[in-house]
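Here is a friendly walk through one protein model, from its overall dimensions down to single residues. Please keep the viewer open as you read.

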Amino acid sequence: MTIIKEFNYEEIKGFKFGKQLFGKPKMFSHIYFIDGLLIDTGHSQMRKEIIKTTEHLAVQQIFTTHHHEDHTGNVLALRKQFNCKAYAPTLCCEIMKNPPKISFAQKITWGERPPIVDLIPKDTWIKTPNHQFQIIPIPGHAIDMVALYEPRRKWLFSSDLYVNSYIGYFLNNECISTQIASIRSILALDFDVLLCSHNPQLKNGKQQLVKKLQFLETFFERVALLYNEGLQAKEIFRQLKLKENNVVKLLSGGSLSKMNMVKSVLNHLEVGRKKIHMLSP
Ligand SMILES: [Zn+2]
């Protein structure tokens with residue numbers, strides 16, 4: 001089943017895309033259009049639909065928030081369609097020259113994305129005729145991820161910072177402590193709407209993001225407590241009665257899992273321990 005939905009928030013146009021072979025899609029990518037700027041490009045599984053749905057827009061520039069395949073999947077096709085420039089944070093531009101391989105689960109959900117060698121770096125502001133968007137680094141979910149913030153209108157394009165107030169699994173390179181720091185820094189801004197790439201919150205966005213912060217902090221604390229008692233990753237997983245989504249884990253070859261969340265906490269604590277060890281005489 002294929003789902004395409006369009007919605008408006010003030011002057012912003014939002015587009016929701018989801019496709020699944022059998023039954024209703026569970027995951028959606030969103031792209032946003034505001035004042036000539038297209039924010040992210042969706043996934044290549046829906047390239048045809050995305051090209052068709054956006055063809056009437058007067059896109060003057062494209063900005064990609066990070067290198068993941070559900071954001072960069074159609075940069076080349078849309079840049080060609082609109083004959084415009086495509087920007088991204090410097091780190092994203094570098095990663096996209098030779099992007100990391102994706103798992104089978106990601107391939108069937110989102111689809112492949114080709115390398116892009118000529119994205120134009122932009123790291124501080126992106127301007128449109130009527131707006132200025134601040135580019136704010138929010139690493140953790142991805143090392144190169146940024147949010148776009150329009151301070152006058154209090155719009156926050158939060159990329160994958162939110163997704164949900166509860167998270168069931170991590171990619172193997174996601175960092176929980178950096179995510180927590182990124183959410184804390186974003187919560188210091190004045191905003192209410194969360195123009196999320198998967199699950200937009202057009203009301204009470206800030207409250208929803210606070211919930212996610214609390215979830216991650218609680219998860220971190222519970223794992224840290226057991227680690228400090230001397231338990232290893234597998235024992236911690238059992239003690240906390242965590243449950244793995246085995247289908248996701250299997251299809252991703254282990255690159256998406258709840259165990260990755262536990263390991264992310266342990267990595268942080270182990271790095272901290274090593275630092276203390278190095279500092280002690
Ligand atoms: Zn992502």
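This is a predicted model: local features need pLDDT of at least 70, side-chain atom pairs count only at pLDDT 80 or more; totals for chains, interfaces and linings use all residues.

Residues are numbered from 1 along each chain as its sequence is written.

**Overall picture**

The protein has 10 helices and 14 strands; helices (H or I, at least four residues) and strands (E, at least two) are DSSP runs, numbered from the N terminus. Its C-alpha atoms fill a box of roughly 60 × 45 × 35 Å along the principal axes. A compact globule of 281 residues would have a radius of gyration near 19 Å, and the protein agrees with 19 Å. That radius is taken over C-alpha atoms, and the globule rule is 2.2 Å times the number of residues to the power 0.38.

Of the 281 residues, 40% count as buried. A residue is buried if 20 or more other C-beta atoms lie within 10 Å of its own, exposed if 12 or fewer, and partly exposed in between, with C-beta atoms placed from the backbone. Among the contacts with a separation of 6 or more, 65% come from residues 24 or more positions apart; two residues are in contact if their C-beta atoms, placed from the backbone, lie within 7 Å.

**The seven-stranded sheet**

An open sheet of seven strands has the order β1-β2-β3-β4-β5-β6-β7, with mixed pairing. Two strands pair if DSSP finds at least two bridges between them. The edge strands are β1 (2-9) and β7, each of which pairs on one side only.

| Strands | Sense | Bridges |
|---|---|---|
| β2 (residues 12-19) and β3 (residues 29-34) | antiparallel | five bridges |
| β5 (residues 61-63) and β6 | parallel | three bridges |
| β6 and β7 (residues 120-121) | parallel | two bridges |
| β11 (residues 155-159) and β13 | parallel | three bridges |

F15 has I31 in β3 as its bridge partner, while Q61 stands opposite K85 in β6. A88 stands opposite P121 in β7. In β6 (residues 85-88), A86 and A88 form the covered face, and K85 and Y87 the uncovered one.

**β13 and the cores**

W155 stands opposite V193 in β13. From β13 (residues 193-196), V193 and L195 point one way and L194 and C196 the other, and all are buried.

L195 is also among the residues with the most contacts inside the largest nonpolar core, which has 46 residues; the others are I39, A147, L156 and F157. Such a core is a set of buried Ala, Val, Leu, Ile, Met, Phe, Trp, Tyr and Cys residues joined through C-beta atoms within 7 Å. Beyond its neighbours within four places in sequence, A147 is in contact with I136, I138, L156, F157, S158, S159, L161 and I186. A second, separate core of 13 residues includes C175, I176, V223 and I236.

**Helix α7**

V223 is one of the buried residues of α7, together with G205, L209, K212, L216, F219, L226 and Y227. Helix α7 (residues 205-228) has 24 residues and reaches 35 Å from its first C-alpha to its last, close to the expected 34 Å. The expected span is 1.5 Å times one less than the number of residues. After α7 comes G230, with a positive phi near 100 degrees.
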